[in-house]
Amino acid sequence: MSELLDFDIAQQRLLDLAHPLPNELLPTSDCLGRYLRAPLAARRAQPAADLSAMDGYALAAGDAGTWRIVGESAAGRPYQGALEPGEAVRISTGALMPGGALRVLVQEEAIVEGNRLALAPGGEASERHVRRRGFDFAANDVVLGKGVRLGPTQLALAIAAGFGAGRLTVGRLPSVAIIDSGSELSDGAAPLTDAQVPASNGAMLAAMAAPLASKVNRIGPVPDNMAALADALDAASGADVIVTSGGASVGDHDLLRPALAEWGATIEFWKIAMRPGKPLLLARRKEQIVIGLPGNPVSSFVTAFHFMLPLLRRLSGAADPLPHTMRLPLASDLPEAGPRTEFMRATLGADGVRPILQRDSSALRSLALADGLIRRDAHAPAATAGELATVYWLQNGGTA
Ligand SMILES: Nc1nc2c(c(=O)[nH]1)N[C@H]1C(S)=C(S)[C@@H](COP(=O)(O)OP(=O)(O)OC[C@H]3O[C@@H](n4cnc5c(N)ncnc54)[C@H](O)[C@@H]3O)O[C@H]1N2
Ligand code: MOO
């Protein structure tokens, strides 16, 4: 076992090897899923002026018992002028507070007769119903940091900060080629013999990579011979990242390493102390990075989750490319862990995280049922239900 590289060290070496691709300046509307490459300082305050948070009446400062309603401030159509003592305006949620008004009386607590306004019993005008200028952010506040991913909420914030019609500095996304390799693999076009297997890994890996790639080129399935692998690597030559699945192990037909050497790549590491996923391989040719994933479907997924996705995030400019964990109570017991860092398929429920008993690295059905992966460090002692476990949440099937 001593020749196996530690899991966390391998992840760190991968990240050290990869550098963010050059920046692009893109219209904000084209930035969904991109990583910001410069901190974003707001061009405006939010809100830009004091607003009412409720439908009701904005009251002039001072303690009048009743007020005279002198007009209205609606969203987008503010009241022109300032309130004198004893005056009030009808105001709607999101509308500007008029000058001289500090408090809002919600309409449920108001009694209105004609243009006279009074407090209903128990009613109280309050500053709580006023949103102060800049309480969310002030002009020049850094609202999003460098390396943050622009998901739906971050895009909304960038637009609110004044960049809706502008451009953002984001990282270029890598292009990815995915090679299914193995003579037993079929693309499904012809009926399968018992010796054939549908090439399911390529579709899974392409779906995982798609949100983080400028384009995904699928190649294969490629049979186990040097000439076919060489052709496949040539076809993939333009990609920033080449991901292979299968042929990474030690059998006579596992030709990936010699094929990569012939293609001009240098092996950075091979074989990790993780389960599943031991035969994982990392190679590079100049700036191109090759990740050789094991062929077993669960091994392919787990290594893609822990290595391919962090690599794509890092190249795209992410500040924080590794998947996050959370600590959740176990819904059932766990045996003592083995000698490799293990990732167990698990479901999440109201009673906590429940390991799935199927641990064979070819068993796809249990993978498709899993909501998370429990991380077990090498030689961890047995754990009982109720103890906290470290879990990776497979949000959106593991793409996020
Ligand atoms: N003597 C040893 N044998 C094996 C070892 C070892 O250390 N010594 N490691 C085992 C482990 S762990 C794994 S994981 C596998 C992975 O090996 P490969 O990466 O070389 O994968 P293949 O042998 O090509 O395929 C394994 C398995 O997966 C199926 N497969 C392959 N590609 C796909 C695909 N694109 N879509 C769906 N299924 C695929 C393939 O048919 C095989 O059943 O090696 C162990 N052996
Ligand atoms: O690492 Mo293999 O992926 O254990 O089956």
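How do the residues of the shell around ligand 1 divide into nonpolar, polar and charged? I took that as my opening entry, working on a predicted model.

**Entry: ligand 1, shell**

I sorted the shell around ligand 1 by class and got 9 nonpolar, 9 polar and 4 charged residues. There are 22 residues around this ligand, and I noted Asp-180, Glu-184, Ser-249, Lys-278 and Gly-295 as those that come nearest.

The side chain of Glu-184 has an N or O atom 2.6 Å from an oxygen atom of ligand 1.

Next I checked the cover. On its own, ligand 1 has 870 Å² of accessible area, and the protein covers 70% of that. For the elements behind the shell, I listed strand E15 (197-198), helix H3 (200-209) and helix H6 (297-316), each of which gives two or more residues.

**Entry: ligand 2**

Which residues are around ligand 2? I found Pro-276, Gly-277, Lys-278, Pro-279, Asn-296, Ser-299, Arg-340 and Ser-361. By class I put 2 as nonpolar, 4 as polar and 2 as charged.

Lys-278 was already in my notes, as one of the residues that come nearest to ligand 1; here a polar backbone atom of Lys-278 is 2.8 Å from an oxygen atom of ligand 2. I logged a backbone pair for Gly-277 as well, at 2.5 Å from a ligand 2 oxygen. Ser-299 uses its side chain, with an N or O atom 2.3 Å from an oxygen atom of the ligand.

**Entry: annotated span**

I compared the UniProt record, an unreviewed entry, which lists residues 177-314 as "domain: MoaB/Mog". In the model this span is 33% helix and 29% strand, and its end C-alpha atoms lie 17 Å apart.

**Entry: nonpolar core**

How many residues does the largest nonpolar core have? I counted 46, and the ones with the most contacts inside the core are Met-208, Ile-291, Phe-301, Phe-307 and Met-308. In soluble globular proteins, nonpolar side chains tend to be buried together.

I traced the core back to its elements. Two or more residues each come from helix H1 (7-17), strand E13 (175-181), H3, strand E17 (241-245), strand E21 (288-293) and H6. H6 gives the most, with 11 residues.

I looked at Leu-281, which is in strand E20 (residues 281-285). Leu-281 counts as buried because its relative accessibility is 0%.

Cys-31 is in the loop between strand E1 (23-27) and strand E2 (40-41). I marked Cys-31 as buried because its relative accessibility is 0%. I also took the C-alpha separation of Cys-31 and Ala-210, which is 15 Å for residues 179 apart along the chain.

Is Ser-366 buried or exposed? Ser-366 is buried, because its relative accessible area of 7% is under the 20% cut-off. The residue lies in helix H7 (residues 364-369), and a polar atom of its side chain is 3.0 Å from the backbone oxygen of Ala-363.

**Entry: backbone geometry**

Most residues other than glycine have a negative phi, and most peptide bonds are trans. I noted the exceptions below.

The bond from Gly-220 to Pro-221 is cis, with omega near 5°, and Pro-221 lies in strand E16 (residues 215-222). Arg-275 and Pro-276 are also joined by a cis peptide bond, with omega about -5°. Pro-276 is in the loop between strand E19 (274-275) and E20, and I had already listed Pro-276 around ligand 2.

For positive phi, I logged Lys-286 near 50° and His-379 near 65°. Lys-286 is in the loop between E20 and E21; I call it exposed because its relative accessible area is 74%, over the 50% cut-off. His-379 is in the loop between strand E25 (372-376) and strand E26 (388-393). His-379 is exposed too, with a relative accessible area of 55%.

Methods: Residues numbered from 1 in each chain as written. Chains lettered and ligands numbered in written order. Predicted model: local features only at pLDDT ≥ 70, side-chain atom pairs only at ≥ 80, totals over all residues. Heavy atoms only, no water. UniProt positions renumbered as here; feature names shortened; annotations may be inferred. Helix = DSSP H or I, 4+ residues; strand = E, 2+ residues; numbered from the N terminus. Near = heavy atom within 4 Å. Polar contact = N/O pair within 3.5 Å; in protein donor to acceptor, adjacent residues only side chain to side chain. Areas by Shrake-Rupley, 256 points an atom, 1.4 Å probe, with all protein chains shown as cover. Nonpolar A, V, L, I, M, F, W, Y, C, P; charged D, E, K, R; others polar. Core = buried A, V, L, I, M, F, W, Y, C linked by side-chain atoms within 4.5 Å. Buried < 20%, exposed > 50% of the residue type's maximum accessible area, 1.4 Å probe, protein only.
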